[in-house]
Amino acid sequence: MASGVGGGSGEEAVKNKQVIFRDYVSGLPKESDMEVSTTTVKLKLPEGSNGVMVKNLYLSIDPYMRIRMKRIEGPNAFSSFTPASEVVSNKQVIFRDYFDGFPKESDMYLTTSTIKLKVPEGSNAVIVKNLYLSCDPVMRIRMRRVTVVGFTSYTPGSPLTGYAVAKVLDSGHPDFKAGDLVWGPSGWEEYSLITATESLHKIQHTDVPLSYYTGLLGMPGMTAYAGFYEVCSPKKGEYVFISAASGAVGQLVGQFAKMLGCYVVGSAGSKEKVDLLKNKFGFDNAFNYKEEHDLDAALKRYFPEGIDIYFENVGGKTLDAVLLNMRVHGRIAVCGMISQYNLDPPEGVKNLMCLVYKRIHMIGFIVRDYVHLYTKFLDTVLPYIKEGKIVYVEDIAEGLESAPAALVGLFSGRNVGKQVVLVARE
Ligand SMILES: NC(=O)c1ccc[n+]([C@@H]2O[C@H](COP(=O)([O-])OP(=O)(O)OC[C@H]3O[C@@H](n4cnc5c(N)ncnc54)[C@H](OP(=O)(O)O)[C@@H]3O)[C@@H](O)[C@H]2O)c1
């Protein structure tokens with residue numbers, strides 16, 4: 001069964017036995033022209049839908065159904081049934097159920113269902129072939145029964161959803177046509193029916209790697225851009241610290257800060273990542289936080305005069321140590337706190353009084369509040385990429401089968417750079 005992307009429900013999916021029409025029939029219909037199969041269905045309508053969801057009690061058997069088993073073309077009182085021969089198989093990564101603690105590969109499983117590669121008549125949805133999927137830390141938050149405003153929980157028994165780069169195969173929407181490349185929210189599956197088309201971006205620039213639209217030119221890139229320029233109010237010469245600095249967001253924040261003439265230090269979880277920060281992304285310095293028993297002392301070593309801007313990606317002990325090292329009138333852009341996503345309850349922060357003593361602005365932000373800046377962002381960043389002023393490191397896992405492991409790996413730092421899953425080449 002096709003999974004619609006758009007609108008979350010939090011309702012669990014149930015098994016759904018169906019009688020499938022095999023193919024167009026000539027002569028007398030036979031039982032073998034149909035087959036019984038089982039898929040899953042959510043018992044809740046997508047948000048904004050004006051349909052109804054029913055449990056069928058009795059089915060009527062009518063002679064005219066035989067007419068619909070023929071191929072009917074053009075305007076007609078009857079339309080043909082869709083034969084199974086017109087649907088394709090669709091590999092999917094299914095979310096198993098809500099859980100506590102760290103995510104495991106077994107919290108997801110692979111299954112194969114079917115999908116018709118045509119949008120329903122009258123709908124303004126699009127059908128896409130997914131090419132690249134983005135692994136994002138926020139997906140862990142959606143694996144909980146979410147009560148946070150603005151986030152929806154995944155539905156157990158349904159495919160995960162997240163950002164993707166995809167190719168439009170069929171469209172009922174005037175802004176998209178077959179062959180268009182798009183990025184935006186899609187399903188963790190080979191093909192998706194996307195109803196939330198308002199969140200899709202048509203890809204106009206294809207002279208850069210397409211996978212960049214999951215990272216550098218997609219949501220994480222916009223996060224780095226909006227978070228640094230809009231939230232941090234940066235000035236030339238300021239002292240900038242970035243945690244999870246080699247990741248999808250962090251590596252860009254550091255490069256933006258260097259271009260502005262700031263002094264930039266990043267923390268990351270391995271020697272390989274520290275080398276990348278210093279030698280590839282041009283940070284002034286970097287350290288492996290896992291080797292520092294006293295984070296406060298480490299920050300004092302790298303910032304003897306204190307930190308003006310902290311780009312917060314991890315939270316917990318790092319935030320506590322940073323607070324002690326902030327300068328008066330410093331800014332903390334709270335982008336995320338990945339060290340807390342698997343903890344119940346989250347750790348406390350002890351040094352918040354520093355906000356008062358040092359008159360620090362600590363501001364949380366969400367990238368979706370800045371989508372209006374996307375064109376400006378592209379106009380700024382595309383030339384930087386072409387001139388080699390910005391570089392980007394990706395970690396590409398091959399095949400939908402590798403997606404669960406790739407997602408889980410974010411929480412132990414297995415990814416080096418932006419974690420992407422390659423589902424299909426165009
Ligand atoms: N506000 C928004 O709109 C928005 C948008 C996108 C992302 N975010 C947030 O931005 C942050 C970075 O996201 P990203 O996409 O760039 O991810 P990422 O950095 O590419 O991947 C996550 C990295 O976090 C580090 N990490 C994992 N567990 C950690 C822990 N317990 N303590 C310290 N570091 C840990 C790991 O790197 P190490 O090897 O260095 O430990 C891992 O590679 C996340 O908090 C995410 O939720 C926010």
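C262 counts as buried because its relative accessible area is 2%, where buried stands for under 20% relative accessible area, exposed for over 50%, and partly exposed for anything in between (1.4 Å probe, protein chains only). C262 takes part in no disulfide, and the nearest cysteine sulfur, that of C232, is 9.4 Å away, whereas a disulfide is defined as a pair of cysteine sulfur atoms within 2.5 Å. C232 is likewise buried, with a relative accessible area of 0%. The structure as a whole holds zero disulfides, and C232 is in none, the sulfur of C262 being the nearest cysteine sulfur at 9.4 Å. In general, a disulfide is a covalent bond between the sulfur atoms of two cysteines.

The model is a predicted one, in which local features need pLDDT of at least 70 and side-chain atom pairs count only at pLDDT 80 or more, while totals for chains, interfaces and linings use all residues. Residues are numbered from 1 along each chain as its sequence is written, and side-chain values use heavy atoms, with hydrogens and water left out.

Seen as a whole, the chain has nine helices and 18 strands, where helices (H or I, at least four residues) and strands (E, at least two) are DSSP runs numbered from the N terminus. Its C-alpha trace spans about 85 × 45 × 35 Å along the principal axes, and of the 426 residues of the chain 49% count as buried. If one takes the contacts (heavy atoms within 4.5 Å) between residues at least 6 apart in sequence, 69% of them join residues at least 24 apart. The accessible surface of the chain comes to about 20800 Å², of which 53% belongs to carbon and sulfur atoms, the areas being computed by the Shrake-Rupley method with a 1.4 Å probe and, for residues, with only the protein chains shown counting as cover.

Helix α6, which runs over residues 316–325, is mostly covered, since eight of its ten residues are buried. The buried residues of α6 are G316, T318, L319, D320, A321, V322, L323 and N325. Which elements do the buried residues of α6 pack against? They pack against the strands β11 (239–242), β14 (307–312), β15 (326–334) and β16 (361–364), and also against the helices α5 (295–302) and α7 (353–357).

Side chains of opposite charge can pair when their charged atoms come close, and a salt bridge is here a side-chain nitrogen of Lys or Arg within 4 Å of a carboxyl oxygen of Asp or Glu. By this rule the count comes to 20 salt bridges. One of them joins the side chains of D33 and K30 at 3.4 Å, N to O; D33 counts as buried because its relative accessibility is 11%, and K30 counts as partly exposed because its value is 46%.

A further salt bridge links D275 with K271, whose closest N and O atoms are 2.9 Å apart. Both residues lie in helix α4 (residues 271–279), four residues apart, which is about one turn of the helix. An α-helix has 3.6 residues a turn, so residues three or four places apart point the same way. D275 is partly exposed at 28% relative accessibility, while K271 is exposed, with a relative accessible area of 59%. Salt bridges that share partners also join K177, D180 and K202 into one network.

Is D180 buried or exposed? D180 is buried, because its relative accessible area is 9%. A polar atom of the D180 side chain lies 2.8 Å from the backbone nitrogen of K177, and the side chains of D180 and K202 are joined by a polar contact of 3.4 Å. A polar contact is a pair of N or O atoms within 3.5 Å; within protein, one must be able to donate a hydrogen and the other to accept it, and residues adjacent in sequence count only if both atoms are side-chain atoms. With its neighbours within four places in sequence left aside, D180 is in contact with A166, K167, V168, D175 and K202.
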